[in-house]
Amino acid sequence: MERIGDKVISRAEITDAASATFADSTVIPDRYARPDEVRDGVVVGSDESYELPVVDMARLLHPELSEAEIAKLGSACRDWGFFQLTNHGVDETVVQDMKDNTLQFFGLPLEKKKAVAIQANGFEGFGHHYNRASSEKLDWAESLILVTQQHEQRNIQFWPANPSTFRDALDKYSVEMSNLTSRLTVFMASDLGVEQEALMGTFQGKTQSVAFHYYPPCRHPDKVIGITPHHDGLGLTLLLHVDDTPGLQVRKNGRWYPLNPLPGAFVINVGDILQILTNGTYKSAEHRVLPDVEKGRATVVMFQNACVAGMVKPLPELGEATYKAIDHVEYVKGNFSALAEGTRFVDSLKIM
């Protein structure tokens, strides 16, 4: 059950109401109307020249080009916290299967999607996931959230059996994302000047989860938010655009920079835990999603967790710690509480 104002309603009721709202977006219900939040911060227009960083994996692997591309990777993680990764080497068949199954799932009738509906007090499954507990406002999106690694942590009852190929597609995609994370952290370690295993080891064998998002088109995009502004709380985020619909915006120096997806690229961003691991060298950036007026947008977002021997703390090789060490379980609890309140838990760990 969830509380909307003074009324307590079930998640099923929320999902049903959301589905009806998305089908007819001519009138925006109060619970979705957030025009002040949409206008919070200047959005950089097309008349201003800018480009979010693009990193080329083929150049990272090239013996003569690697050094310059590693520097480019490091600059992206320090200055933006975001970059698009091209020539990533992920099996294209696996990627396409994941895209196809994602679109097929979100294209199902609501009753069929509700076969894996989120349960009371849970977070895995399909439904309308809230922006934060302290707000009555809802995001203009429907989502499916699952734990994918390690295998023993999977709750298969929430993994869609329809389409029939979804589970196999996600299993293969999960492995590819783990491998891509390992490859990326090798080059991040080189940029940071630490042993490869020091950074790679913080991710290996840790929890991996995925969020499938669908943002329906909205006739009043100036009034709703696809996903509320936030920082990712875990280690590394790997986003796959299922289509070419834009919508993701990254905040830098108080302004929102729209990210235009490159064909075949992944969007990679630094999470709060990676910011802590790197002792504040890499920055986790605030971002949000705004819906498109004509086209829906679907994404597959993989979250890679990380810690050092069960602790969230800076790598000792990076000098005097600027963040307090905290048990990973306590970090997760604190991060969830802060998200609900609309604050950032990582800020409370900063050593002044």
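Two conventions come before the structure. Residues are numbered from 1 along each chain as its sequence is written, and side-chain values use heavy atoms, with hydrogens and water left out. Because the model is predicted, local features need pLDDT of at least 70 and side-chain atom pairs count only at pLDDT 80 or more, while totals for chains, interfaces and linings use all residues.

I begin with two helices. Helices here are DSSP runs of H or I with at least four residues, strands are runs of E with at least two, and both are numbered from the N terminus. The axes of helix H4 (residues 66-79) and helix H7 (residues 166-192) come within 9 Å and cross at roughly 85°. Such axes are lines fitted to C-alpha atoms, for helices over the stretch in contact, with angles running from 0 to 180 degrees between N-to-C directions. H4 is therefore roughly perpendicular to H7, a label that applies from 65 to 115 degrees. On the H4 side the contact (heavy atoms within 4.5 Å) is made by Ser66, Ile70, Leu73, Gly74, Cys77 and Arg78. H7 contributes Phe187, Met188, Ser190 and Asp191. By class, five of these residues are nonpolar, three polar and two charged. In that scheme Ala, Val, Leu, Ile, Met, Phe, Trp, Tyr, Cys and Pro are nonpolar, Asp, Glu, Lys and Arg are charged, and the others, Gly among them, are polar.

Next, the interior. A nonpolar core is a set of buried Ala, Val, Leu, Ile, Met, Phe, Trp, Tyr and Cys residues joined through side-chain atoms within 4.5 Å. Buried means under 20% relative accessible area and exposed over 50%, with partly exposed in between, for a 1.4 Å probe and protein chains only. Which residues have the most contacts inside the largest nonpolar core? They are Phe83 and Phe212, in a core of 65 residues. H7 gives the most to this core, with 11 residues. Another core, of 19 residues, lies apart from it and includes Trp80, Phe82, Tyr215 and Leu259. Leaving aside residues up to four places away in sequence, Phe83 touches, among others, Leu73, Cys77, Leu184 and Met188.

Helix H8 (residues 196-203) has Ala198, Leu199, Met200, Thr202 and Phe203 as its buried residues. These pack against H7, strand S10 (236-241), H9 and S15. Ala198 also touches Leu315 and Glu317, again not counting residues up to four places away in sequence. Just after H8, Gly205 takes a positive phi of about 75°.

I turn to the backbone. Cis peptide bonds join Gln149 to Gln150, with omega about 0°, and Asn162 to Pro163, with omega about 5°. Gln150 is found in the loop between strand S7 (142-149) and H7, and Pro163 is placed in the loop between S7 and H7.

Where do the non-glycine residues Asn279 and Ala309, each with a positive phi, lie? Asn279, with phi of about 60°, is in the loop between helix H9 (272-277) and strand S14 (287-289). Ala309, with phi of about 50°, is in the loop between strand S15 (297-304) and strand S16 (311-312). Asn279 counts as buried because its relative accessibility is 11%, whereas Ala309, at 79%, counts as exposed.

Key
Parallel < 35°, antiparallel > 145°, perpendicular 65-115°, else oblique.
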